[in-house]
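Subject: Structure handover

Hello,

Please find the structure below. My notes on it come after.

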Amino acid sequence: MFDQLFFGYCALMITTSGILAISLRNPVHCVLMVLVLFFHMAGLYLTLQAEFLAAVQIIVYAGAILVLYLFVLFLVSIRQELQLDAFIPNPWVGRIIAVGLGAGLIYVIPAFTLGEKGAWPLAAIEELTHTKALGQELFTTSLLPFEIAGLILLVALIGGLVLARREEVGSVVNEGDAVPQGNAQGKDQEVVS
Amino acid sequence: MIPLSWYMALAVVLFCIGVCGFLTRRNVIVMFLSIELMLNGVNLNLVALSHFLESLRGQTFTFFIITVAAAEAAIGLGIAIALYRSRRTVHVDSLNQLKG
């Protein structure tokens, strides 16, 4: 009973904060709503006996990725924010696509049947503790993907450095022809470097 | 005990919220956030399935998805800053140089 109540609470909070996150005007509020959502996702992982993943969800998603988003939001000034022309101009088209996709997927769910059980029943995980079990699985069956994940992080690190680097020629031209902008630009780049 | 279909339905709802946000918003950073929402929906599905299938494969997959999401956020936001830096003095809300 308590499990179901907890699931209901988390589901309600996830849905409302998700909807608020995509509908609020101020991007900082969107990021904060996603923060609330991530905490409740961690709660759901706890109900699924995935304690290590709950911790990773809070540390990596809420602690690192969202802080990165907040930093970028502070670098890109709110008033003059970076916008694309909408991929689909009329917002109702997007909403109808999303609702249709959701209805179709939910309609299909009852037809789903579980396959063959794997090698880790709940008792075995509890005996070994979840972190240890996940570590064993990571370092034995999926060692190569683990190494590839490390490589992906390295690529992201180098890519971030290359993207954030100032180009020498470009900056000279910028400072030459945009004198009134020079002040704000210099401040931003100081923060970046 | 919570049935599996509840988790799957919640994952579907979360994924569709992400799709809706990606299609309707115009702010690049909020679009990236919508992608994170979609990834979280998939993660929830994978963790629930790995719990009910008594296998840890789904959870290792979730681990890798979180890694890739971190890399994607770093690169995507780097591109956003670079775009903002180079296009700010011109029309900010018409980033359509790649349009034919």
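This is a predicted model: local features need pLDDT of at least 70, side-chain atom pairs count only at pLDDT 80 or more; totals for chains, interfaces and linings use all residues.

Residues are numbered from 1 along each chain as its sequence is written, with chains lettered from A and ligands numbered from 1 in the order in which they are written.

Chain A has 9 helices and 0 strands (DSSP runs numbered from the N terminus: helices are H or I of at least four residues, strands E of at least two). Of its 193 residues, 19% are buried (20 or more other C-beta atoms within 10 Å of the residue's own; exposed is 12 or fewer, partly exposed in between; C-beta atoms are placed from the backbone).

For the interface, 78 residues of chain A are in contact with 66 residues of chain B (C-beta atoms, placed from the backbone, within 7 Å). On the chain A side, H3(A) gives the largest share, 11 residues. By type, that side has 57 nonpolar, 15 polar and 6 charged residues (nonpolar: Ala, Val, Leu, Ile, Met, Phe, Trp, Tyr, Cys and Pro; charged: Asp, Glu, Lys and Arg; polar: the others, Gly among them).

A:Glu51 lies in helix H3 of chain A. A:Glu51 counts as partly exposed because it has 16 C-beta neighbours inside 10 Å. Apart from neighbours within four places in sequence, A:Glu51 is in contact with A:Leu46 and A:His130.

Regards

Note on methods
Two residues are in contact if their C-beta atoms, placed from the backbone, lie within 7 Å.
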